[in-house]
Amino acid sequence: MEDVRIKLTFDNEEVIVKMYDNPTSRDFLTLLPLTLTLEDYAGTEKISSLAKRLSTEDAPPGSDPSVGDFTYYSPWGNLAIFYRDFGYANGLIILGKIESGIEKLASIRGDFTVTIEKIN
């Protein structure tokens, strides 16, 4: 799964994410392509529920996310994309890192629809 990237498309903008190789990331990739509605959460992240829970096999007990982390929050079963730093969270699994376009994601207000697809 080396150098797998996904593209998030919304409002004629693109965000590119380099995915990490772990069981949760691989499980997420099986859902693609995917269209989700993202909403802002706590002025820190964009979140959306997923249709199914992802594998937490070999996952750490939690993570300390930073700007650009593309994550899965296992207690709620949702995707969480961080545009601000946040403290340690139990059950948070980092799936990948935004390579470009984080500012586009951070500037959107309100709920919006995003299409996620694998690009390589």
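This is a predicted model: local features need pLDDT of at least 70, side-chain atom pairs count only at pLDDT 80 or more; totals for chains, interfaces and linings use all residues.
I started with a side-chain pair: Asp69 and Lys97 make a polar contact of 3.2 Å (N or O atoms within 3.5 Å, one able to donate a hydrogen and the other to accept it; residues adjacent in sequence count only if both atoms are side-chain atoms). Residues are numbered from 1 along each chain as its sequence is written, and side-chain values use heavy atoms, with hydrogens and water left out.

Next I looked up where Asp69 sits: it is in strand S6, residues 69–73 (strands are DSSP runs of E, at least two residues, numbered from the N terminus).

Is Asp69 buried or exposed? Asp69 counts as buried because its relative accessibility is 5% (buried is under 20% relative accessible area, exposed over 50%, partly exposed in between, with a 1.4 Å probe and protein chains only).

I also found the backbone nitrogen of Ser66 2.8 Å from a polar atom of Asp69's side chain. Leaving out residues up to four places away in sequence, Asp69 touches several others, including Ala80, Phe82 and Lys97 (contact means heavy atoms within 4.5 Å).

Then I followed Lys97: it lies in S9, opposite Lys18. S2 and S9 pair antiparallel over four bridges (pairing needs at least two DSSP bridges between the strands).

Last, the whole sheet: eight strands form a closed barrel, S1-S2-S9-S6-S7-S4-S3-S10, paired antiparallel.
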